[in-house]
Structures are given as C-alpha cells and as structure tokens.
Amino acid sequence: GDLDGALNESALAARGAQRDPEVRYKHAAYLALSGYPEDGLDELSEALRYEKKNRERARTDPDFESLRSEAEFKRLVAPPTTR
C-alpha cells in the first residue's frame with residue numbers, strides 16, 4: 001500500500017546488499033512501479049547479473065508492465081541464445 005515507503009526501504013536494502021539478486025530485483029520492481037523506468041532497468045540489469053534465472057520471472061512479472069515495451073527490457077529478459 002505504501003509504494004513510496006517500499007521504494008525507500010528497497011533502496012536502502014539494495015545499497016546494503018549490492019550482490020543480493022532478490023533485493024536488487026525487488027528494488028527494480030519498485031522503481032518500475034514508481035515511474036522510474038531507466039533506474040528500474042539499470043537495477044534489473046544488476047539483479048539479473050547475479051541471478052540469470054530471474055529473466056523468466058521478470059518477463060512475466062506484472063510489476064514490470066510499464067517496462068515491457070522498452071527495447072532494453074526486452075533485451076534483458078530475452079531467453080539466452082544457444083549456438
């Protein structure tokens with residue numbers, strides 16, 4: 001219910017746990033929900049850097065609805081290609 005409070009708390013958590021993919025993922029979601037698309041994409045990129053399997057999760061997560069049309073979001077959540 002308190003999106004601003006959640007965003008502030010997740011920002012603190014993300015700064016304190018920079019390599020924790022779950023903390024970074026949640027912060028990315030709060031950024032996206034709060035209308036900060038570029039920051040959300042940057043944070044999502046960091047979250048996926050530490051946990052690649054979250055690509056599928058982000059692809060279907062309604063919290064990222066505002067980012068779905070962004071080329072960078074599509075690139076981040078695209079399934080890995082096999083060569």
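Mentor: Please do. Keep in mind that this is a predicted model. We may begin with the helices: H2 passes H3 in a left-handed crossing.

Trainee: At what angle do the axes of H2 and H3 cross, and how are the two helices oriented?

Mentor: The axes of H2 (residues 21-33) and H3 (residues 37-50) cross at roughly 160° and come within 8 Å. Because of that angle, H2 is roughly antiparallel to H3.

Trainee: Which residues in H2 and H3 meet?

Mentor: On the H2 side they are Pro21, Arg24, Tyr25, His27, Ala28 and Leu31. In H3 they meet Asp39, Gly40, Glu43, Leu44, Glu46, Ala47 and Tyr50. By class, seven residues of this contact are nonpolar, two are polar and four are charged.

Trainee: And what about H1 and H2: at what angle do they pack?

Mentor: The angle between H1 (residues 3-16) and H2 is about 145°, and their axes are 9 Å apart. The crossing of H1 and H2 is left-handed.

Trainee: Which residues does H1 bring to H2?

Mentor: Leu3, Ala6, Leu7, Ser10, Ala11, Ala13 and Ala14 in H1 meet a set in H2 that includes Val23, Tyr30 and Leu33. Arg24, His27 and Leu31 of H2 also take part in this contact with H1. The contact of H1 with H2 has 10 nonpolar, two polar and one charged residues.

Trainee: Changing topic, how many aromatic pairs are there?

Mentor: The count comes to two aromatic pairs. One of them joins Tyr25 and Phe64 edge-to-face, at 5.4 Å centre to centre and with 80° between the planes.

Trainee: Where do Tyr25 and Phe64 sit in the chain?

Mentor: Tyr25 is in helix H2, while Phe64 is in the loop between H4 and helix H5 (71-77). The two are 39 residues apart, and the pair links distant parts of the chain. Both Tyr25 and Phe64 are buried.

Trainee: Why is the pair of Phe64 and Phe73 called tilted?

Mentor: The ring planes of Phe64 and Phe73 stand at 35°, so the pair is tilted; the ring centres are 6.0 Å apart. Phe64 and Phe73 are both buried.

Trainee: Let us look at H4. Is Asn54 buried or exposed?

Mentor: Asn54 lies in helix H4 (residues 54-60). Asn54 counts as buried because its relative accessibility is 8%. Leaving aside neighbours within four places in sequence, Asn54 is in contact with Pro21, Tyr25 and Leu48.

Trainee: Leu48 is among those contacts. What else does Leu76 touch, besides Leu48?

Mentor: Not counting residues up to four places away in sequence, Leu76 touches Leu41, Leu44, Ser45 and Arg55 as well as Leu48. The C-alpha atoms of Leu76 and Leu48 are separated by 7.9 Å, although the two residues are 28 residues apart along the chain. Leu76 is in helix H5, and at 8% relative accessibility it counts as buried.

Terms used
Residues are numbered from 1 along each chain as its sequence is written. This is a predicted model: local features need pLDDT of at least 70, side-chain atom pairs count only at pLDDT 80 or more; totals for chains, interfaces and linings use all residues. Side-chain values use heavy atoms; hydrogens and water are left out. Helices (H or I, at least four residues) and strands (E, at least two) are DSSP runs, numbered from the N terminus. Buried means under 20% relative accessible area, exposed over 50%, partly exposed in between (1.4 Å probe, protein chains only). Contact means heavy atoms within 4.5 Å. Axes are lines fitted to C-alpha atoms, for helices over the stretch in contact, and angles run from 0 to 180 degrees between N-to-C directions. Angles under 35 degrees count as roughly parallel, over 145 as roughly antiparallel, 65 to 115 as roughly perpendicular and the rest as oblique. A crossing is left-handed if the near helix is turned anticlockwise from the far one by less than a right angle, and right-handed if clockwise. Ala, Val, Leu, Ile, Met, Phe, Trp, Tyr, Cys and Pro count as nonpolar, Asp, Glu, Lys and Arg as charged, and the others, Gly among them, as polar. Rings of Phe, Tyr and Trp (its six-membered ring) pair if their centres lie within 6.5 Å; planes under 30 degrees apart count as stacked, over 60 as edge-to-face and the rest as tilted.
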